[in-house]
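Trainee: Walk me through this one, please. Start wherever you like.

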Amino acid sequence: MSILASSAQDTVLLIEQETVGAPESTSVWWRDDQPTWSPELDGLAGALQARGVQVVRPTSLQNVSKVIRQPNPSDTNAINLARVLGADIALVGKLVVYPLENLGPLALRQTSYVLSLRRVVSENGRITSQPIPDISLTVIDGDAPEQRAGAGLGRALRLPTQQSGKIEVGVSGGVTLLIPKAAGLSAMEAVRGALNRDPNKSFEVTWVSADHFALASPSVTSVEALRQVCQSELSNLSGWKVGIPDSSTAQNTLTLELAPTPTF
């Protein structure tokens, strides 16, 4: 079940964005009378919407007092601003963007993201704030990498349910293929190229961790469908022996086993 699906309460994203090393490093969208969102926040909001969170996105703040439109809002200011914007819940915090060194011989640009949030809500006249576990990911070049980063954060974000306060993980809206990073960038590109022989699949790198490259396609929405695509397209991958597991050890992910084919 999608998180917050039973409550139907609207949520506002009071998330500051800081890019390390940038001249104008911090962006606070609610300080502007005509607010604009970054591609990362666009992607984050879209992923949360897909999980059942009704995200409020105002187009004008001209009539909202600047007293409650300050950066790093207190819980009181956050919930007051949320109410003015027609929301019941505020997700408050910061998204920090870390540009990294280019990756591999192709000098692919890679960027790391760290999202820190708390959930603020007013119930029965009492304002409560609950921290949400930090999440981080790294993306490399491809189509719309900033928006993909936001969407990846939104899919991975752990949010408390309205009634119990229990932390639940929601990753609906897609599955992920993991490729061991030890196999190298060439292995990842070989796998991605083979999977994209079908132009309708459009696999892209969604994030990179210390151990894995992650690929995903919006048209592949179950682990079984992902396994079938891999069996069809990777059985004779040039230069590589590919192991496709019969079962997944983690929800909505499939991890390949890759070994180079011996040459004589």
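**Charges, rings and a helix**

Mentor: Arg197 counts as exposed, at 53% relative accessibility. Exposed means over 50% relative accessible area, buried under 20%, and partly exposed in between, with a 1.4 Å probe and protein chains only. This is a predicted model, where local features need pLDDT of at least 70, side-chain atom pairs count only at pLDDT 80 or more, and totals for chains, interfaces and linings use all residues. Residues are numbered from 1 along each chain as its sequence is written, and side-chain values use heavy atoms, leaving out hydrogens and water.

Trainee: Which side chain does Arg197 meet in a salt bridge?

Mentor: Glu233, at 3.3 Å from N to O. Arg197 lies in the loop between α4 (185–195) and β10 (204–208) and Glu233 in helix α5 (residues 223–233), so the pair ties together parts 36 residues apart in sequence. Helices (H or I, at least four residues) and strands (E, at least two) are DSSP runs numbered from the N terminus. A salt bridge needs a side-chain nitrogen of Lys or Arg within 4 Å of a carboxyl oxygen of Asp or Glu.

Trainee: How many salt bridges does the count come to?

Mentor: 7 by this rule. Among them is Asp75 with Arg118, at 2.8 Å from N to O. Asp75 is in helix α2 and Arg118 in strand β5, so that pair joins parts 43 residues apart in sequence. Asp75 is partly exposed, with a relative accessible area of 25%.

Trainee: Back to α2, then. What are its buried residues?

Mentor: In α2 (residues 75–84) they are Ala78, Ile79, Leu81 and Ala82. Down the axis they fall within an arc of 160°, so they line one face of the helix. The arc is that of the directions from the helix axis to the C-beta atoms.

Trainee: What do they pack against?

Mentor: β1 (10–19), β4 (89–99), β5 (110–123) and β6 (126–140). Contact means heavy atoms within 4.5 Å. Gly86 follows α2, with a positive phi near 85°.

Trainee: New topic. How many aromatic pairs are there in the whole structure?

Mentor: 2. Trp29 and Trp30 are edge-to-face, 5.6 Å centre to centre with 85° between the planes. Trp29 and Trp37 also have centres 5.6 Å apart, but their planes are at 55°, so that pair is tilted. Rings of Phe, Tyr and Trp (its six-membered ring) pair if their centres lie within 6.5 Å; planes under 30 degrees apart are stacked, over 60 edge-to-face, the rest tilted.

Trainee: Is Trp30 buried or exposed?

Mentor: Buried, at 0% relative accessibility. Trp29 is buried at 2% and Trp37 at 9%. Ring pairs link Trp29, Trp30 and Trp37 into a cluster.
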